[in-house]
Amino acid sequence: MPESSATYGNTSHANVIGTEHALQQRKNVWNVRSSEFAKSTFNPIRSIVDSMKLEPHPEKYMIALSIGDPTIFGNLKPHEAIIEAIQNAITSMKFNGYAPTVGYGEARAAVAEYYSTPSSPVSPNDVILCSGCSHALDLCISAVASRGQNILMPRPGFSIYRTLANGYGISTKHYNLLPEKSWEVDLDHLESLIDKNTAAIVVNNPSNPCGSVYSEQHLRDILAIAERNCVPIIADEIYDFFVFKGEVFHPLATLSTNVPILSCSGLTKRFLVPGWRMGWILIHDRNNVFASEVRGALQSLSQRIIGSNTLVQGALPEILRNTPQSFFDDTIAQVQANAEISYERLRVCPGLKPVKPKGAMYMMVGIDMTRYPEFATEFQFVERLVSEQSVFCLPGKCFEYHDYFRIVLTVPEEQMLIALDRIIEFCHMHFIPDKVENIGLVESEEDERMEIEATSLVSYRPTSQATKS
């Protein structure tokens, strides 16, 4: 045998022995670790809620004004046309197999037709069907941003953007919303956050958690910043057209011919079927900015879960075509009625300052923590509200915004009234009147303010007879 062959043989034999030894050593100890992706994925809302001491009052049933599922109380139900469409899809036996990962052509065409406008036409090729709007956001964020880059998101804002981004090593920067301006964007602050690593701006309109609906001019101001800095926008419009009477929803993509926009929406909220997990991305390309890479990236990423629910895809054309406007109007009317009742009741509650919503399903309520000195944070305020009154609201901390809490407006009216009575009773029990802070107020203004507080404290009467049951 040649020397080279012998040497090779001995080396190979030694490698085998070494590998066997390494395997034997490894088998002696289990060492299964989670991935870096998993370790970087964190849902602030879930973590905050899990850390709270939530022990309801034993004599009062719990009313959860915390859950953003419009179906949870049973008072808001999908229209019969929606149910009929899914039944037809099932019995047709046409939608039991796999679909293209971006969705069936007929379903994508139906979405394109539903959203197309003269100023912002949408073709089936501009639509990607997803497993809910959160999946649509996931695809958009991971398609346009890479590890080390950042996206801009609102504060207060829905935490899912941060959860999705951080898992990929993408950082988030929070631009401020202004409660005194109905939660409009602080435009100067937004633009100051943009740097060379900013991959996208997330714009949520109508807003969760704020219930704000932006005017056409304000949206144009946001678009001007994006255009000036050549930053694309991810538009979270899951509450599209869910606006109260007198308000107008302007799809962001209809207002720009230069800013590329990925719009995310779905059936979840307006159609009252969040569990059906049907969302979509509308690719509003401008000047072919997305053509070179982003369109292909979205298609590639959609292959990770082999597409969304095919039965719902099969029903989608009928759902979009046959669901009457009256259904949406009735749903919005119920939510708006709760919003108006809640705002009127809480705005005269001592120490609270609600910001009147214009759409979506939520209202943010400010707390003057100086009037509730026994609570260090709104977190403690909310915890005690549960233990004393069995009403659960999400603390502002869930949305990166302290001294506020969020209430959901989709509960039945009777329960809404009971919950409001309990919140107001709680506030009256813990509120400490202000006797000193009159700096900057003329005497008449101070007298008026003190009179309102005193009247509120003395004249409080619950509107519901069921506050203790």
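A search of the whole structure, which is a predicted model, finds 18 aromatic pairs. One of them is formed by Tyr239 and Tyr362, whose arrangement is edge-to-face, with 5.8 Å centre to centre and 85° between the planes. Tyr239 belongs to the loop between strand E7 (233-236) and strand E8 (261-266), whereas Tyr362 belongs to strand E11, so the contact ties together parts that are 123 residues apart in sequence. Both Tyr239 and Tyr362 are buried.

A further pair consists of Tyr372 and Phe431; the ring centres are 5.9 Å apart and the planes stand at 70°, so this pair is also classed as edge-to-face. Distant parts of the chain are again linked: Tyr372 lies in the loop between E11 and helix H13 (378-389), and Phe431 lies in the loop between helix H14 (413-430) and helix H15 (443-459), 59 residues apart. Tyr372 and Phe431 are each buried. Both residues are members of a cluster linked by ring pairs, together with Phe375, Phe381, Phe405 and Phe426.

Aromatic rings also face charged groups. The charged end of Arg270 is placed over the ring of Phe328, at 3.9 Å from the centre of that ring. Arg422 lies over the face of Tyr61, and here the distance to the ring centre is 5.0 Å.

Strand E11 (residues 362-367), which begins with Tyr362, is joined to strand E14 (residues 404-408) by five bridges, and E11 and E14 run antiparallel. Within this pairing, Tyr362 stands opposite Val408 in E14. Strands E11 and E14 are part of an open sheet of four strands with the order E10-E11-E14-E13 and antiparallel pairing. The edges of this sheet are formed by strand E10 (352-354) and strand E13 (394-395), each of which pairs on one side only.

The buried residues in H3 are Pro44, Ile45, Ile48 and Val49. These residues cover an arc of only 125° around the axis and are therefore on the same side of H3. The N-terminal end of H3 is capped by Asn43, with a side-chain oxygen 3.1 Å from the backbone nitrogen of Ile45.

Strand E7 pairs with strand E6 (residues 198-204) in the parallel sense, over four bridges. Val203 stands opposite Ala235 of E7 in this arrangement.

Strand E2 (residues 127-130) likewise has both faces covered: Val127 and Leu129 are buried on one side, as are Ile128 and Cys130 on the other. The pairing of E2 with strand E9 (residues 279-284) is antiparallel and comprises four bridges.

Terms used: Residues are numbered from 1 along each chain as its sequence is written. This is a predicted model: local features need pLDDT of at least 70, side-chain atom pairs count only at pLDDT 80 or more; totals for chains, interfaces and linings use all residues. Side-chain values use heavy atoms; hydrogens and water are left out. Buried means under 20% relative accessible area, exposed over 50%, partly exposed in between (1.4 Å probe, protein chains only). Helices (H or I, at least four residues) and strands (E, at least two) are DSSP runs, numbered from the N terminus. Two strands pair if DSSP finds at least two bridges between them. Rings of Phe, Tyr and Trp (its six-membered ring) pair if their centres lie within 6.5 Å; planes under 30 degrees apart count as stacked, over 60 as edge-to-face and the rest as tilted. A charge sits over a ring if NZ of Lys or CZ of Arg is within 6 Å of the ring centre and within 35 degrees of the ring normal. The arc is that of the directions from the helix axis to the C-beta atoms. A polar contact is a pair of N or O atoms within 3.5 Å; within protein, one must be able to donate a hydrogen and the other to accept it, and residues adjacent in sequence count only if both atoms are side-chain atoms.
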